[in-house]
Amino acid sequence: MYRLRGWPDLPEGLLYSIIARLGLVSFSDLVAFSATCRSWHAAFSTLVPLLPPLLLRPDVPMCFPRHPPMINKLVRTRPCHATNIANQDTYQCCQIPLHSIFGENNTPPSPLKGFRFSGASYGHLIFSRDKSCLVVDVFTGASVSSPKLPIIKDIGIFYAALTAPLASPNSHIVVDIGSRNLFWRVGSQYWVGRSPDDGPIKQIVVFKGRVFGIDSNLKLFKVQLTPQICIQEIPVMESTMIRKWHHSDRWLVICGDMLLLVSLRGTIIVTGVTFEVFRLDLSTAPALWLKVEKLENWAIFISTDREVRHCLA
């Protein structure tokens, strides 16, 4: 019989059930749940990728949360609405701080001033500066810093992502520094360099417990993290549909039980059909990218911001 010593000791199965229910009805209660204690936050972080995404609408009329937090009146804020896509009839009022990077002289400097955004995954933002990475939990503000990158000068990081939540025992950060990939196991003291022969992996996703990646030539790879990092190319039959048009951006996207390749046609997103979607079929050898005409109840969101170009389903 399981002996309950306190609220932090609730079994994971019960916590997951609570999170799933809160994610459908109350965004504010879900955030409060994640901030209750370490064990509850760890359970929440594990399920973040499975929760419905939020729509953030800035520049809305002034609003105040039902239970407003203590606010530093010296820091100016802007109102916004956070809407749960699964329950669009309700929204949560939020106040976003405006830091001095926006030109306000009476506000303290942003703690992220000088950092460059490099990626986002598992509810964390990844920034880079001074040859190292800073991983920030967007819900709690907690952060983890990596060791210095093994590079000669402070070059830019073109891409960064987590392979699992920070609390997972084998969580890694993967970065693309232009010439190669570097891997850091969270909590270790060093980076490990691994890359395909023809250039670095440009994006990774975790699909059905396996890490996949693509390079700039649309080559597909499987990344093994234990017992040592190993990158293996997955043979994929050449598709004339994928090569037919010039694609300025490509993304691997997890959509239910499908691994999709979303390819943007042209350099900007305009009204009309501007992207193609393909589904990976691993049942054949070599694998195939199959054209997808309908996503049924799924939707694809593509950011138009060149600095944070992103795609999700």
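Okay, hi everyone. If you search the whole structure, you find four aromatic pairs. Before I show you a couple, keep in mind that this is a predicted model.

So, take Phe-33 and Trp-40. Their rings are stacked, with 4.7 Å centre to centre and 20° between the planes. Are these two residues buried or exposed? Both Phe-33 and Trp-40 are buried. Then there's Trp-184 with Trp-191, and that pair is tilted: the centres are 6.1 Å apart and the planes make an angle of 35°. Both of those tryptophans, Trp-184 and Trp-191, are buried too.

S4 covers residues 116-121, and five bridges join it to S5 in an antiparallel arrangement. If you look across that pairing, Phe-117 stands opposite Phe-127 in S5. The two strands make a hairpin with two residues between them, and Tyr-122 in the turn has a positive phi of about 50°.

Now carry on along the chain. S5 also pairs with S6, residues 132-137, again antiparallel, over six bridges. What do S5 and S6 form? A hairpin, with two residues between the strands, and here Asp-130 in the turn has a positive phi of about 55°.

You'll find His-124 in S5, which spans residues 124-129. Across in S6, the residue opposite His-124 is Asp-137. Why do we call His-124 buried? Because its relative accessible area is 6%, and buried means under 20%. And who's around it? Leaving out residues up to four places away in sequence, His-124 touches Gly-119, Val-135, Val-136, Asp-137, Val-138, Leu-162 and Leu-166.

Last stop, another sheet. This one is open, with four strands in the order S12-S13-S14-S15 and antiparallel pairing. Which strands stand at the edges? S12 (203-207) and S15 (230-234); each has a single partner strand, so one side of each has no neighbour in the sheet. From one strand to the next, the twist averages 30°. S12 pairs with S13, residues 210-214, over five bridges, in the antiparallel sense. Within that pairing, Ile-204 stands opposite Gly-213 in S13.

Terms used. Residues numbered from 1 in each chain as written. Predicted model: local features only at pLDDT ≥ 70, side-chain atom pairs only at ≥ 80, totals over all residues. Heavy atoms only, no water. Buried < 20%, exposed > 50% of the residue type's maximum accessible area, 1.4 Å probe, protein only. Contact = heavy atoms within 4.5 Å. Pairing = 2+ DSSP bridges. Axes fitted to C-alpha atoms, helices over the stretch in contact; angles between N-to-C directions. Phe/Tyr/Trp six-rings, centres within 6.5 Å; stacked < 30°, edge-to-face > 60°.
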